[in-house]
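Please look over the sequence and the structure below before reading on.

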There are 2 protein chains.
Amino acid sequence: MDQNPTRSASVTVADVARKAGVSKATAARVLGGYGTVSDRVRDAVTAAARALDYQPNELARSMTTGRSGTIGVVVGDIENPFFSLAVRGITDVARQTGFTVVLINSGEDVGTEKAAIRTLLAKRVDGLIVSPAKESDVGHLKEATRSGRPLVLLDRGSEALNVDTVLADDRHAAEGITRRLLALGHRRIAYLTACDTPDHCFRAPDDINTGSVRRRIEGFLGVCREAGLQGMEDWVHVGAVTPEHTHRIVTAMLKSPQRPTAIIASDSVIGLEVFKVGRELGLTIPDDLSLVSFHDADWTSVTTPPVTVVRQPVYRLGETAAKLLVGRLNGTDGEANRVVLRTEVVERASVAAPADSVGASELHREP
Amino acid sequence: MDQNPTRSASVTVADVARKAGVSKATAARVLGGYGTVSDRVRDAVTAAARALDYQPNELARSMTTGRSGTIGVVVGDIENPFFSLAVRGITDVARQTGFTVVLINSGEDVGTEKAAIRTLLAKRVDGLIVSPAKESDVGHLKEATRSGRPLVLLDRGSEALNVDTVLADDRHAAEGITRRLLALGHRRIAYLTACDTPDHCFRAPDDINTGSVRRRIEGFLGVCREAGLQGMEDWVHVGAVTPEHTHRIVTAMLKSPQRPTAIIASDSVIGLEVFKVGRELGLTIPDDLSLVSFHDADWTSVTTPPVTVVRQPVYRLGETAAKLLVGRLNGTDGEANRVVLRTEVVERASVAAPADSVGASELHREP
DNA sequence: AAAGTAAAAGAGACCGGTCTCATATTCGAA
DNA sequence: TTCGAATATGAGACCGGTCTCTTTTACTTT
């Protein structure tokens, strides 16, 4: 019965039409599910299609309809649990709504991101979800929107881009944990991020091109300033791009005579490395060093002590972005939405008053 | 200067040709980078393309060439660090070789997987990398290969499918850790996996459809049998599909009078949950309970105690699969490759002799 | 039974590229 | 100078669908 192996040359509507004894147009109507056809013909065509094992060619379909049924997603690094969870949110919505996801990693490099956008546009994705590497460099994104395809920004916004954006309230979260640390008496608080600057030094928030991180640093510095602490810019460290880099930076930091009494890690990959270095150097958390990490990664609840984190609704970040995009794709228009999802500080046990908190509380009384 | 906003209707080769004053065919030659053209014409066309901001339509190109430049990837769950790391390996190779990745999560459900394959085939991906949910149910995969598009199996093989396959040597790894546990005196060793059976009970390895996991269980049971332990099938627990399920199963297991003295977790998500439950119940690892987990997730080195794991070369698993696929795409043919990558047991501190090791060694003397 | 209308089917253009084949041009060798 | 080969360009079919427009068929209506 199977002596007729499917030829590699694929079966087309024309083949089905011929077999069913109808015109190509009619067969296409049945197969494509549009227009009006009689029941008799529908059955004949369906039977012929089954007999021939007809497989529609979506490419050809996209050609004429102009819709490819795909959405392009550009994230920094799918390996990072933050992005993999967000992407899960995106793919779930995509599947439910009949879209398919093309995924590209930018490696947080603008050049790669540009190439990615170009590729996706050339492949005629219906829309884009991007987590831009640099807020300041978004010409390629602007161009993408100009081509008429909707764009949604994920986790990082851009003033220059008037498009749907889904963010976590990073500044607020940073302010909260900074206040907490200050109240406990910490004065030497380091903020550590993967974002880098040309000379690997931090001077002002404007040096940071990743929106979410910049807002956090602004919140951190703002609260410090309110509390009368000046020059906290020196405590912001950039360039923790790999675990190895992070290891080096944290080790240097913790070995210096004026070592920080608390560290804020900008993501869970960094947080993990800080934890490791602390242990390596024989420092006890939280007695010798307080640690707060962004992203409630699974491991943070299971260490000794468990780590206090900023919980971001990462899955919902992706989910919301995808829903917004699908909405646009289905014709919703109007002003760009800026959705800001609430974060939450999960207090665990990696934060305590610093050992030298006396000096610190004196400082507190100064102003 | 920018008073001429790009019309949404895209610029085609025909438009460029007209502007450059050449035929469509010639313009296409320049733009497509094929055939021979004079320098003068090339410059003219290039200039016209730039002036018009021509963006090639890959869809149309794929239409005629039959190659879409995309590879379809179907994994269980991108949120699982195992898959996100493997996918990272795949996407890296894809980018380097000029391919783009379409990602679909199967949720380990064969129905979803089938739909995914159909979608990807309809979108005319050039090739597929799949981590099949069930080894026994691969008709749809067979069909995919029959359509002429190469398929590479990731982490899970299938005897029924004679295609390139990349696996970790799961059986060997399971045998190693089982021997270790037995040598320490453990007799009540539980194996816990997410794979499920219709009635949520395990009787024999054939109940397990996920190849990698079945091989591990076979290794586990085989070594136990060698050591004279019978009926260890009862110690294999299935259905740890979510952290909640896992929590319930592990709690029941550890509260039973005949509680296991050691648990082997089939992935890091399960391992984490076992760790949490152990702590909840006030059990000390490794004194009260030994724990070994598959997958060297980042958190495993940072707990107290750190967890002994089976390190799989996950990134290389994905990378190798992608390289194999790209090879096929570039015309390599010949017998199907079965690549088995070595795993490694990373000894940390979550394994020790059981508290009641005396009774255990007696048992050991029995046969 | 004739006319009028709605439903069904067919013919063929079209989407935006590629590619074959025919024609025109250029160049070197005889 | 002239011919032949090599190189450049043009015309148009083609990929596999969708979709408009026209013709044919079926069903009301009076």
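## A buried strand and a DNA surface

All six of the six residues of strand E1 (residues 70-75) of chain A are buried, so this strand is largely enclosed by the rest of the structure; buried means under 20% relative accessible area with a 1.4 Å probe, protein chains only, and strands are DSSP runs of E with at least two residues, while helices are runs of H or I with at least four, both numbered from the N terminus. The model is predicted, with local features needing pLDDT of at least 70 and side-chain atom pairs counting only at pLDDT 80 or more, whereas totals for chains, interfaces and linings use all residues. Residues are numbered from 1 along each chain as its sequence is written, chains are lettered from A and ligands numbered from 1 in the order in which they are written, and side-chain values use heavy atoms, with hydrogens and water left out.

A:Thr70, A:Gly72 and A:Val74 point one way from E1(A), and A:Ile71, A:Val73 and A:Val75 point the other way. E1(A) runs parallel to strand E2 (residues 100-105) of chain A, joined by six bridges, and parallel to strand E3 (residues 127-130) of chain A, joined by four bridges. A:Val74 has A:Ile104 as its bridge partner in E2(A) and A:Val130 in E3(A).

| Side chain | Atom of DNA strand D | Distance |
|---|---|---|
| A:Lys24 | base oxygen | 2.8 Å |
| A:Arg61 | phosphate oxygen | 2.8 Å |
| B:Ser38 | phosphate oxygen | 2.7 Å |

How values were computed
Buried means under 20% relative accessible area, exposed over 50%, partly exposed in between (1.4 Å probe, protein chains only). Two strands pair if DSSP finds at least two bridges between them. A polar contact is a pair of N or O atoms within 3.5 Å; within protein, one must be able to donate a hydrogen and the other to accept it, and residues adjacent in sequence count only if both atoms are side-chain atoms.
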